[in-house]
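Open the model in your viewer and keep the selection tool ready. We will go stop by stop.

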Amino acid sequence: MVKLKTKPPTIYEIVKKPDPLLSGHRMCAGCTAPAIVKLVLKALPSLDNVIVVSPTGCLEVATTIFPYTSWAVPWMHNAFENAAATASGIEAAYKALKKKGVWGGEVPKIIIFGGDGGTVDIGLQALSGMVERGHNIMYILYDNEAYMNTGIQRSGSTPFAAATTTSPAGKVIPGKIEWKKPISLIMAAHMNAYVATASLYYWQDFVQKVLKAYYYEGPSFIHAIQPCSRGWRFTEDLGIKLTKLAVDTCVHPLWEFDPETREFKVTGYSAFLAKHPEKILPVEEYLKLQGRFRHLFKPVRRDDLIKEIQDRVMKDWHFLLKLAGLE
Amino acid sequence: MAEVEKAEQIEMLLNGDEAVAWAAYHVEPDVVAAYPITPQTIIVERFSEFVADGLVRTEFISVESEHSALSAVVGAAAAGGRAFTATASQGLALMNEILHIAAALRLPIVMAIATRALSAPINIHPDHGDIMNSREAGWIIMFAENAQEVYDNVIQAFKIAEDHRVLLPVMVAFDGFVISHTAEKVYVFKDVNVVREKFLGGPRKIPKIKLMGKEVELALRPLSYTPVPLTIGPLDLTDFYFEHKLQHMDALYRAPEVIKEVNEEYAKLTGRKYGNGLVEKYKLDDAEIALVAMGATVGTLRYVVDVMRDEGYKVGLLKIRTYRPFPTEDVIEALKDKKVVGVFDRAAPNGAAGAPLFLDIRSALYELEKRPIVVDYVYGLGGRDAPPELLEDAVEELYRISKGEVKPFRFRYLGVRE
């Protein structure tokens, strides 16, 4: 079983730690991606032996505008689709240098922070290869559900009916007509990776999963929902609330896959919802706060589409409960 | 330069691919990442045998594409490792995006390329079209004439790439099949430590810089080791990109000095020397007609020069060993007093005024007040054989051009059904 090994830090301990991502970066106001980076890195017992890799994306361009950098840990960017391959090479180099006695320390833990485009679409092949080969690398997906860096184009991770600049809500087509790619299930299907979903609002659950991934001697993948105020079109104060609503509506349920026991487990507040289905909020509570779904409510309310989303969310939720042996 | 004693070597029967694998074995890179795209070579098959037999401590990563192969060695080199990969044709084309990144990040990667035709139609046979497609990526590109030079160039490439005056990736090119699949006598070092310790000086030396008042290694090092963590591969906008490109270009144009030194040092160790490291002349000094080529056809042209010399033609040969950075000065010096220069290009001109090598040669000679006539022969595309008779016909034509009997042309195709 994949274990925590150390006690998760308290919120006070997390707050007191020095920032691994320094202020002055140019992520948008209300962006939840820096909070994910900080929570993940501050959850670790130490940053002494960590190397961070990022594919091209918002996080990369907004934190490293030469001659400045916000990264207080070693960090590398290569290209858009190859963060997993780049990280594989870094890990391999340290393994060889250690074998040869050139590197006296431990092989660093490599942590990738990738957006959904660089993970679910263009980076999927390299990511799958990295996991198949069993590299000791943590992959954190910050999923804002579109190509936000390049101007909100639709990605494989964009949800059904969301309006983006390449899946606009038109008179005939109501936003994206395909469903979101289930990236975490795809990663779990590799059978050798610790896989988990996470939400910033449920930070204790997130931190525990980060530590499990950190101590797991192999590939791990954590899928964090990352509301984007520009792309999802909400006011800057709603980001964290949306990470809560994503879980409370079962749009982004919290679960983990343990590659050692082959068990799916519903975790945190989602485990509570599994026992108390009456507490599950309707998806509308989540959708109505976001401008990208505005066309579902105005100028005419599209009950048909809202119901279609609700049905799909519950279908996926029950599928998850079956995987977890709860149904 | 310190006195170098000649090292003991052993004679082997190796094809070009095996020569690469043996060179890589002798170098023992920290990381080799490779993928068997069609067309695949046996380079990494042989090398993985050395890994499996415990002869090298290299981490061999069987990646899921050539794009990832180069991406992984970029990561390995950024982490301070000595990194190697090999590819050809479609694989090199797939790497194209990362070729530029590897060079601009100044990572001393070595890559062997058994040059082959690009699709479509899918072909797999010798052709320089793949490497010509990649020639603007800011790498050092060296062409080998035979399996021996392949072995020698791979070893030399690591030393050139890792020199702190250079810090650039190097492609070691050799014609697919003609060199990659043809067994030849190759001398290799008897003791691997001659390469690993004596010639390369042990593990890769990482340059150090002063950063925030501290001495920092230019590599991805964790906080337990480095006083200042590095950000590698940042966003670089209008205010700095140009300066960084300039530094890259400066390093590239500085490389010839290092390539020459390494060629000399290696010659002392082995007795084998390739011209001045950049170009090599063959019976060229008194020639009126000069042939210029790269790769395996240089060997055929040596024979052609001998045959035509016997028939009284004053013909000689200039081999381009280092194609990037292009040895402009050496080319001018070697060809300035020739009447006619015939360039042999194993790549299509693709709508340009001629094929790639011709463009470089003619551009270099334009500086001269009295310029030789320069014409281009495009030959051997998709592995079409270029036998001596075909090349002799070209020399005969160059002779007639020199006599004013044939009108000069920019380029024409050799050995094709028109």
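Start with chain A and its contacts, where two residues touch if their C-beta atoms, placed from the backbone, lie within 7 Å. Take the contacts in chain A between residues at least 6 apart in sequence: 69% of them join residues at least 24 apart. This is a predicted model, in which local features need pLDDT of at least 70 and side-chain atom pairs count only at pLDDT 80 or more, while totals for chains, interfaces and linings use all residues. Residues are numbered from 1 along each chain as its sequence is written, and chains are lettered from A and ligands numbered from 1 in the order in which they are written.

**Chain A as a whole**

Colour chain A by secondary structure. There are 13 helices and eight strands. Helices (H or I, at least four residues) and strands (E, at least two) are DSSP runs, numbered from the N terminus. The radius of gyration of chain A, taken over C-alpha atoms, is 19 Å.

Now look inside. A residue is buried if 20 or more other C-beta atoms lie within 10 Å of its own, exposed if 12 or fewer, and partly exposed in between, with C-beta atoms placed from the backbone. In chain A, 55% of the 327 residues count as buried.

**Helix H2 of chain A**

Select residues 33–43 of chain A, which form helix H2. Eight of the 11 residues are buried, so H2(A) is largely enclosed by the rest of the structure. Among them are Ile36(A), Val37(A) and Lys42(A). What covers the buried residues of H2(A)? The cover includes helix H1 (11–16), strand S3 (109–115) and helix H8 (203–215) of chain A.

**Where A meets B**

Show both chains. The contact takes 43 residues from chain A and 43 residues from chain B. On the side of chain A, helix H4 (83–99) is one of the elements that supply at least two residues. H4(A) gives the most, with 13 residues. By class, this side has 25 nonpolar, 13 polar and five charged residues. Ala, Val, Leu, Ile, Met, Phe, Trp, Tyr, Cys and Pro count as nonpolar, Asp, Glu, Lys and Arg as charged, and the others, Gly among them, as polar.

Zoom in on Trp75(A). Its bridge partner in S11(B) is Thr231(B). Two bridges join S2(A) to strand S11 (residues 231–232) of chain B, and the strands run parallel. Two strands pair if DSSP finds at least two bridges between them.

**The sheet of chain B**

Find the open sheet of seven strands, in the order S3-S2-S4-S5-S7-S6-S15 (chain B), with mixed pairing. Strands S3 (59–62) and S15 (322–324) of chain B stand at the edges, each with a single partner strand, so one side of each has no neighbour in the sheet. Next, select Val31(B): its bridge partner in S4(B) is Ala83(B). Strands S2 and S4 of chain B pair in the parallel sense over two bridges.

**Two domains of chain B**

Last stop. An automatic or database domain assignment sets the bounds: domain 1 (9–204 + 256–270) and domain 2 (279–413) of chain B. Their centres, taken over C-alpha atoms, are 27 Å apart. The contact takes 25 residues from domain 1 of chain B and 21 residues from domain 2 of chain B.

How values were computed
The radius of gyration is taken over C-alpha atoms; the globule rule is 2.2 Å times the number of residues to the power 0.38.
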